[in-house]
Amino acid sequence: MKKILTICLLAAFALPSFAAGESLIVTSDGKQIKTTSITAKPNGDLEYISPENGSLRVRIAKGRYRYAWVPKPADVTEADAKYKSGDYKAAAELYLKAYLNYRNLGWDVYCMMMEADTLDKLGMTPDAVSKLEELRKTRILNPELENDYQRAMFRLALLYLKTGNTEAAEQLLAKVSRSRNDELASSAFMKRAEILVGRGNRKDAANLYFQVALLFPKSAKHPEALYRTYENLKALKDARADKFAERLKTEYPDDSFAKRLK
């Protein structure tokens, strides 16, 4: 039933096609095809303009390519605009439409992530969780989508916490902590430490906060990591706490966390 519904929905929307910017197809044998236009077919085939002959359209069957990517479609830009304006209902509908149209063209991860976010903002948190859990099962072939995938997994972890599934959140945060994106990784470390503080485990929390301070010196989370390390060590009556307070005041004298120090 789900497969039939998906096919019907695909047929209901106009098939995407691009006439500007450079698009990319990576074939199953690793060959790169750069073109100005790709059209995705409902059965997963792709049709593109030949780089050698601009009047010739070539079809490549599903299974003969690893992934394809096109510049940001107008539909996704429109959905983003609705999201930014706070019209989450319209944004959710547009992200779903864009996902169905461009999921074979490199925008499935982003659209699923953003649709889930809008669903959560609409009070449909269980639906948002289901959407991201579906995405979690997706195999990421295009390395350019890895960052969005990790962002989506971080959001799923936050939703797990919101719905009381702390164990699942911790497991996912541990994975996101290994992200190559320093902001995501440091945020995951901080959230894990926050969970430990909530359990009264300040020692292990201080260790995680210290790891952020040590491993991510350029992260936006660095000032808070220094403060939280100080805060938890002080609660443990650990003499090393003052060292982190001094670092915070020296390195970030105007930061809000530095101003919390007495």
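Colleague: What should the 14 residues of helix 9 span?

Modeller: First, the basis: this is a predicted model, where local features need pLDDT of at least 70, side-chain atom pairs count only at pLDDT 80 or more, and totals for chains, interfaces and linings use all residues. Numbering starts from 1 along each chain as its sequence is written, and side-chain values use heavy atoms, leaving out hydrogens and water. Now helix 9, residues 202-215: at 1.5 Å a residue it should span 20 Å, and its end C-alpha atoms are 20 Å apart, which agrees. The expected span is 1.5 Å times one less than the number of residues. Helices are DSSP runs (H or I, at least four residues), strands likewise (E, at least two), numbered from the N terminus.

Colleague: Which residues of helix 9 are buried?

Modeller: Ala205, Ala206, Leu208, Tyr209, Val212 and Ala213. They cover an arc of only 165° around the axis, which puts them on the same side of helix 9. The arc uses directions from the helix axis to the C-beta atoms. Buried means under 20% relative accessible area, exposed over 50%, partly exposed in between (1.4 Å probe, protein chains only).

Colleague: And what is exposed on the other side of helix 9?

Modeller: Lys203 and Leu214.

Colleague: What covers the buried residues?

Modeller: The cover includes helix 8 (182-198), helix 10 (222-235) and helix 11 (241-251).

Colleague: New topic. In what order do the three strands of the open sheet run?

Modeller: 3-4-5, with antiparallel pairing. Strands pair if DSSP finds at least two bridges between them. Strand 3 (38-40) and strand 5 (57-60) stand at the edges with a single partner strand each, so one side of each has no neighbour in the sheet.

Colleague: How many bridges join strand 4 to strand 5?

Modeller: Four; strand 4 is residues 46-49. Tyr48 stands opposite Val58 in strand 5.

Methods: Contact = heavy atoms within 4.5 Å.
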